[in-house]
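Subject: Structure for you to look at

Hello,

Here is the structure you asked about, with the sequence alongside. My notes on it follow below.

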Amino acid sequence: MRNTKLEPRTKILMMLIAGCLVILLDSPTALLVCFLGSLTLIVLSVPTWRQIGLLCTFLFFTTWGLVYSQAIFYNEFPRTVLFTLVPADLPLIGEMTGGIQVYREGLFHGIVQSLRFNTTLVIGCFIVWTTQPRDLLLALTQLRVPVTLAFMVTTALHFIPVIANEAATVLRSQRLRGFRYLRLNLLTTCRGVLNSFRPILAGNIRHATHLSESVESRGFSPEAAVKRTSLRTLKMGAWDFSLLIGLFVCLIGIVGLKLLYFCYANGIYYGSWLRDVYTFTREVL
């Protein structure tokens, strides 16, 4: 994937602002706009087909898990039962749980929560896929993040493709030996999965050991990291400043509107000249 014109610090601050926005916003329409905006970043960065498939997999499982769990365990009222998975009079499970139903309001709430989570997930993928680890480390240090914490974050991100490659190698070797994961015998499948974890874990421990030895051999320590300097510096351009200013203005404006509506809803302050503002906040935000 080609590098985008956004500076790494801009990407990090953008993700922080987006995280605040998805918490403040309650309207599905507003959350959908945030989610589509995050997808626009991915589209503009020209992802590979592999990255598109990986992102679709992430989005599918997170959305399915959130919607399914909220539909079943939704405990707010009112709630409407769409259908029953386990009747209350079913022996053992039904008696223990009181019945398991799927609620319409739970499905709606799960969709809203998935929009919140998926927005930050997509922006996180955008940062990882379009930023070199050294640039990310430099950006975190210039944002006054402790060097040791910044190093841990970049190291963890560096290990994600390493773990993926290690797992792919182990799975490929097991398939070449004739093992198939999808079998009717559940015990055999579980045993095969557990046997796959051991070489993957051993490989990652080996990589982590080599990395720690390499870091120590180069004289890295928490005390010396505070005085660490870099020959390279990051500079924000006009596009970076414009984007951040626009996002900050949106964030401050939404916070202000939410505070006005909170004062109105709790009887703290009401202004008749703010009726349109109250309506806009309730229906749009």
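Two elements each give two or more residues to it: α3, spanning 49-73, and β1, spanning 81-86. L85 is a residue of strand β1. With a relative accessible area of 39%, L85 is partly exposed. Please keep in mind throughout that this is a predicted model.

Overall layout

The protein contains 11 helices and two strands. Along the sequence, the order is α-α-α-β-α-β-α-α-α-α-α-α-α. Of its 285 residues, 33% are buried. Among contacts with a separation of 6 or more, 72% are between residues 24 or more positions apart. The accessible surface is about 18700 Å², and carbon and sulfur atoms account for 68% of it.

Salt bridges

Side chains of opposite charge can pair when their charged atoms come close. How many salt bridges does a search of the whole structure find? The count is five.

Three residues, D26, R116 and K258, are linked in a network of salt bridges. In one of the pairs, R116 bridges to D26, and the closest N and O atoms are 3.1 Å apart. R116 sits in helix α5 and D26 in the loop between α1 and α2, so this pair ties together parts that are 90 residues apart in sequence. D26 also forms a salt bridge with K258, where the closest N and O atoms are 3.0 Å apart. That pair links distant parts of the chain too, since K258 is in helix α10 and D26 is in the loop between α1 and α2, 232 residues apart.

Cysteines

A disulfide is a covalent bond between the sulfur atoms of two cysteines. The search of the whole structure finds zero disulfides. For C20, the relative accessibility is 38%, so C20 counts as partly exposed. C125, at 10% relative accessibility, counts as buried.

Helices α6 and α7

Helix α6 covers residues 133-142, and its buried residues are D135, L136, L137, L138, A139 and L140. Against which helices do the buried residues of α6 pack? They pack against α1 (8-24), α5 (104-130) and α7. After α6 comes R144, with a positive phi near 70 degrees.

Helix α7 runs over residues 147-176, which is 30 residues. From its first C-alpha to its last it reaches 44 Å, close to the 44 Å expected at 1.5 Å a residue. The buried residues in α7 are V147, A150, T154, T155, F159, V162, E166, V170 and Q174. An α-helix has 3.6 residues a turn, so residues three or four places apart point the same way. G178 follows α7 and has a positive phi, near 100 degrees.

Backbone at V46

Most residues other than glycine have a negative phi. V46 is not a glycine, yet its phi is positive, about 55 degrees. Where is V46 found? V46 is in the loop between α2 (28-44) and α3. Its relative accessibility is 43%, so V46 counts as partly exposed.

F262 and Y278

F262 is placed in helix α10, which covers residues 238-265. At 47% relative accessibility, F262 counts as partly exposed. F262 and Y278 are 16 residues apart along the chain, and their C-alpha atoms are separated by 9.5 Å.

Regards

How values were computed. Residues are numbered from 1 along each chain as its sequence is written. This is a predicted model: local features need pLDDT of at least 70, side-chain atom pairs count only at pLDDT 80 or more; totals for chains, interfaces and linings use all residues. Side-chain values use heavy atoms; hydrogens and water are left out. Helices (H or I, at least four residues) and strands (E, at least two) are DSSP runs, numbered from the N terminus. Buried means under 20% relative accessible area, exposed over 50%, partly exposed in between (1.4 Å probe, protein chains only). Contact means heavy atoms within 4.5 Å. Accessible areas come from the Shrake-Rupley method with a 1.4 Å probe; for residues, only the protein chains shown count as cover. A disulfide is a pair of cysteine sulfur atoms within 2.5 Å. The expected span of a helix is 1.5 Å times one less than its number of residues. A salt bridge is a side-chain nitrogen of Lys or Arg within 4 Å of a carboxyl oxygen of Asp or Glu.
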